[in-house]
Amino acid sequence: MAMGSCGIRGGAAARRHAAMLGIGTANPTGLLVPQDVFAENLFRVTNSDHLPELKEKLKRICEKSGIEKRHFHLTEETVAAHPELLDRELPSLDTRVDMTADAVPKLAQCAAAKAIAEWGRPAADITHLVFSTYSACQAPSADLRLAALLGLRPTVSRTMLSLHGCYGGGRALSLAKELAENNRGARVLVACSEMTLVCFGAPDGGNIVGHALFGDGAGAVVVGAGPFLDGERRPIFEMVSATQTTIPRTEHALGMRVSGGGIDFHLAIQVPTLVGQNVEQCLLDAFRGAIVEDDGGAAPPPSPCSGNGNGRWNELFWAVHPGGRPILDKIDKVLMLEPEKLAASRHVLREYGNMSGATIVFVLDELRRGRSPLPEWGALLAFGPGITIEAMVLRCPR
């Protein structure tokens, strides 16, 4: 299928795309746990050594996870001081909310300060703030606290995204793209900050996979559309087209629920298969919506629209949320990707685990720091409750 029939447009229809102008990441300094000792530590701290079969199961999951270490805000000392965190039958939501009220925005501040410094303009020039988290459950919420910590103007337009989970970073970036492109001169700060202490508890048969995967982290991106201002850095990634797709009748497969004992995660074993069955169509929809700016001869995206394993997906670079090793393996297989194409995602999974919505920012940061030049065109993918798939067409400015 020719590129024209894929809906890629240029010339008079072109418009100036939003771009990422600064990227920052941060992890808490409370606890760094190697994955090979995580199960032993967890069962010791939670007084669960009387469940040896469950411990062995967690060890096997950890060994196959593709994760080497993870960062946590919650320390052993804090767990010892708050035994209510271990028993889901005890009310602990108030404790968890109190513990995250400052910690979540402060971690976001660390990432945002890096992104703003790279952007090159004062924090007061930020016009919009989009904050995504599943880890804070109160109002005024973490977005207001972050705005105060950074010294943003009282007129900053704030949007809070709650409980979007692992697709929260993708949704926040898509919203930032829309805000930047439809508000002349807008500069949007995207912040994602996640802490597992809101769902931490003693291991049981229902939460074992989550224990093996999730870690804590924050990511931030400054997004803006031209004309660009004095001091602003050259765009890192242009954000060409974005789509959101919810796979019908998959609400049962992946979700979160707030209860008196914290937030409960539900992750079905079918999630990688469901993502694999739908990811290519989501990508095709994103590419059909792409608009190529007529900037004096820029090459159009490669034409993957014929699909069916024609190999054109390998002409792109890839920013894929590493929800887990099976998800990355499934995407590799379905899209017939070459081994190195998901290297950035696998690196982030290995070094940090799954940090929910913040993880995609770590992947973007890893991509742009790679030793080899990236292809001009790329794709971003994030997955979360629903099952929801966020897809975005990216371009490296030349």
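A residue counts as exposed when its relative accessible area is over 50%, as buried when that area is under 20%, and as partly exposed in between. Keep that scale in hand as we walk through this structure, which is a predicted model.

Let's begin with asparagine 47, which sits in the loop between helix 1 and helix 2. Its relative accessible area is 58%, so asparagine 47 is exposed. The backbone here is worth a look too: asparagine 47 is not a glycine, yet its phi is positive, at about 55°. Most residues other than glycine have a negative phi.

Helix 1 covers residues 35–45 and helix 2 covers residues 52–64; their axes come within 9 Å and cross at roughly 155°. Because of that angle, helix 1 is roughly antiparallel to helix 2. The crossing of helix 1 past helix 2 is right-handed. Which residues of helix 1 and helix 2 meet? From helix 1 come Gln35, Phe38, Ala39, Glu40, Leu42 and Phe43, and from helix 2 come Leu54, Lys55, Leu58, Lys59 and Cys62. Sorted by class, this contact between helix 1 and helix 2 has 7 nonpolar, 3 charged and 1 polar residues.

You will find serine 356 in the loop between helix 10 (343–352) and helix 11 (359–368). Serine 356 is not a glycine either, and it has a positive phi of about 55°. Is serine 356 buried or exposed? With a relative accessible area of 1%, serine 356 is buried, whereas asparagine 47 is exposed.

Next, turn to threonine 133, which belongs to strand 4 (residues 128–133). Threonine 133 has a relative accessibility of 1%, so it counts as buried. What lies within reach of its side chain? A polar atom of the threonine 133 side chain is 2.6 Å from the backbone oxygen of serine 193. The backbone nitrogen of serine 135 is 2.9 Å from a polar atom of that side chain. Setting aside neighbours within four places in sequence, threonine 133 is in contact with Val104, Met160, Leu161, Ser162, Leu163, Ser193 and Glu194.

Leaving out neighbours within four places in sequence, leucine 179 is in contact with His128, Val130, Ala186 and Val188. Take valine 130 from that group: leucine 179 and valine 130 are 49 residues apart in sequence, and their C-alpha atoms are 9.9 Å apart in space.

Finally, follow the backbone to a pair of cis peptide bonds. Most peptide bonds are trans. The bond from alanine 139 to proline 140, however, is cis, with omega near 0°. Proline 140 lies in the loop between strand 4 and helix 5 (142–150). The bond from glycine 386 to isoleucine 387 is also cis, with omega near -10°. Where is isoleucine 387? Isoleucine 387 is in the loop between strand 12 (377–384) and strand 13 (388–395).

How values were computed:
Residues are numbered from 1 along each chain as its sequence is written. This is a predicted model: local features need pLDDT of at least 70, side-chain atom pairs count only at pLDDT 80 or more; totals for chains, interfaces and linings use all residues. Side-chain values use heavy atoms; hydrogens and water are left out. Axes are lines fitted to C-alpha atoms, for helices over the stretch in contact, and angles run from 0 to 180 degrees between N-to-C directions. Helices (H or I, at least four residues) and strands (E, at least two) are DSSP runs, numbered from the N terminus. Angles under 35 degrees count as roughly parallel, over 145 as roughly antiparallel, 65 to 115 as roughly perpendicular and the rest as oblique. A crossing is left-handed if the near helix is turned anticlockwise from the far one by less than a right angle, and right-handed if clockwise. Contact means heavy atoms within 4.5 Å. Ala, Val, Leu, Ile, Met, Phe, Trp, Tyr, Cys and Pro count as nonpolar, Asp, Glu, Lys and Arg as charged, and the others, Gly among them, as polar. Buried means under 20% relative accessible area, exposed over 50%, partly exposed in between (1.4 Å probe, protein chains only). A polar contact is a pair of N or O atoms within 3.5 Å; within protein, one must be able to donate a hydrogen and the other to accept it, and residues adjacent in sequence count only if both atoms are side-chain atoms.
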